[in-house]
Each structure stands twice: as structure tokens, then as C-alpha cells.
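This report goes through selected local features of one model, from backbone geometry to side-chain contacts. The sequence and coordinates come first.

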Amino acid sequence: MKHMTKLLAMLFLGGVATLTACKKEVKTSADEISQETLAKIAAVGFSTTDVQKVDEGYLVEGDIILTEADLIKRPSSPTLRIAEEEQYCTNNLVTGLPHAITVSSTGNISSALSVAIDDAIKRYNDQNLKVTFSRVTSGGDINVSIINTGQYIASSGFPDSQGNPYRTIKYAKKYSNYSNGFMTTVIAHEMGHCIGFRHTDYMNRSYSCGIGGNEGDGGVGANLIPGTASGPDAASWMLACLSSSTNRPFNSNDILALNYLY
């Protein structure tokens, strides 16, 4: 299952004013998606409202891609919580700690985005975790690639069952010359997914997006990280949506969660 960061849908920007402005989505009529498929989506814990057909499978909950393989999974998260805005992680995490992860980039990466990738790496390394990141010219464990899309800002996924980080972050070209704080936050957010973090507001994405509900377990897990805040956390780097002016360095709860896992 892959996650995608989207612009908040509130005209938070004036043109993209806050990640909203632009919630540009390619709508698919309901009759193009079979009732059988909608039933499978519901069975793995996701909303069937406004499901869209995309190349990889189906776009649900505004920023999550489910493949056909995801639709046959069954949730198995023994510590699933559904009520509060706390920090959550997937069942699979990066293993073999300490674990050095390399990051590369491909495509027409702007100089500004390249700096943001380096700054996102620095945000993690400044925490002295047991996962470290370093930039390489090619063949990284995680590769940031530029794509042309209007559906989302960036997308990534979760670690595999062997304890490796998700290998690809796709970043929409149209957002590659935004502010450093915005781009650094987006890259750090997607790196968070790559090492096993769910959205802080996964159980109620309307908290940061204005619309949407519970993203569901989806078979990957949504496990509470002990000690994190029991109430809404407006500054977390793993909130599902952001505005064009957003900059979210790790806050105290983010740091607690990072140190708990790594």
C-alpha cells in the first residue's frame, strides 16, 4: 500500500494557498468501479466514498493507493486504536539496527528540491537515531523521483517484511520550486512512511485535511506508539495534509516517537 501527500482542501493558499487550492483530482464515475471492488475496499478497512481508479489500482481516502494485491490482505493489528490523534506505526519497521539508509534522486530534480532532500536527511540525522540517512548519486535504498501529476504532491509506502525501507518517493514536478520549509517537510514526511510511520491523524484525516475519516488498517498495521500525545497534535510532521506555507520540523511528540522506534 502506498501513501500520497495531498494539498489540503481548503483554499489555504491563494492559488495553492495552503495546500488546497488545488485539490485536483481526476474523478471517476462510480459505475466504473465494480461493487465487488468496493466491497473489497471496505473489507480491508477503507472508506468507499469517492474511490478513484488510478494506474496503480484505486485511490481511497484522498491520498492512499490500494493495489489489487492490497485488496486481498486482511488487517492484523492487535494494538489498533481508533479514537485519538496520537502517533502510529505500521507492523513492518526497518530492522537490522543500526541501519544506514542511502537516498538518491532521479529525474529533473530542481536545485531547490535537491537542497530540500538534503535538509530532510539532516532533520533525521540530527536526532541521533539508530537509522541514519546519507545522499548518494544513484541506486539509493530510497529513491526520490520526479513525476508529472496533478493528483497529489508526493507518494511513498511502508517497509517490507524483510525490514527494508520502502524504496521510492514520487514527487510531483509542479511542487518542486516551493519554499524550502514546505519541500523539506514533504520529503521528511514521505521518508517517515518509508520507515514505518502512519499519519498522525490516520484515524480522522479531517483533522488536517478538512474532509475524510479513518484511513483504516489496510493490513499494514496502525499501532499506537506509547507515550505520544493523547490529543490533537497540530504540528506533527506526519499529519496527512498541509498548506503551501507549511513547515513542520519534528516537534516533541515526533521526536519521542522517532526515538521509541529507532
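N128 is exposed, with a relative accessible area of 68%, in a model that is predicted. The cut-off for exposed is over 50%, so the value for N128, 68%, puts this residue in that class. N128 sits in the loop between α2 (111–125) and β7 (131–135). Its phi is positive, about 55°, although N128 is not a glycine. Most residues other than glycine have a negative phi, and most peptide bonds are trans.

The bond from L97 to P98 is cis, and its omega is near -5°. P98 belongs to the loop between β5 (88–89) and β6 (99–106).

| Residue | Relative accessible area | Class |
|---|---|---|
| C89 | 7% | buried |
| N128 | 68% | exposed |
| C194 | 0% | buried |
| R198 | 0% | buried |

Of the 15 residues of α3, 14 are buried, so the helix is largely enclosed by the rest of the structure. C194 counts as buried, at 0% relative accessibility. Just after α3, G196 adopts a positive phi of about 110°.

R198 is found in the loop between α3 and α4. With a relative accessibility of 0%, R198 counts as buried, since the cut-off is under 20%. Which backbone atom does the side chain of R198 reach? The side chain of R198 reaches the backbone oxygen of G221, at 2.9 Å.

The structure holds one disulfide. It joins C209 to C241, with an S to S distance of 2.0 Å. C209 lies in helix α4 (residues 206–209) and C241 in strand β12 (residues 241–242), so the pair ties together parts that are 32 residues apart in sequence. A disulfide is a covalent bond between the sulfur atoms of two cysteines. The torsion about the S-S bond of C209 and C241 is about 90°, so this disulfide is right-handed. Both C209 and C241 are buried.

Strands β2 (residues 52–54) and β3 (residues 57–60) pair in the antiparallel sense, over three bridges. Two residues lie between β2 and β3, and the two strands form a hairpin. V54 has G57, in β3, as its bridge partner.

The protein chain averages a pLDDT of 80, and 79% of the residues score at least 70. Over residues 8–31 the pLDDT stays under 50, and the model has 68 contacts beyond four places in sequence for this stretch. The pLDDT also stays under 50 over residues 75–85, for which the model has 37 contacts beyond four places in sequence.

Key. Residues numbered from 1 in each chain as written. Heavy atoms only, no water. Buried < 20%, exposed > 50% of the residue type's maximum accessible area, 1.4 Å probe, protein only. Helix = DSSP H or I, 4+ residues; strand = E, 2+ residues; numbered from the N terminus. pLDDT = per-residue confidence, 0-100. Contact = heavy atoms within 4.5 Å. Disulfide = S-S within 2.5 Å. Polar contact = N/O pair within 3.5 Å; in protein donor to acceptor, adjacent residues only side chain to side chain. Pairing = 2+ DSSP bridges.
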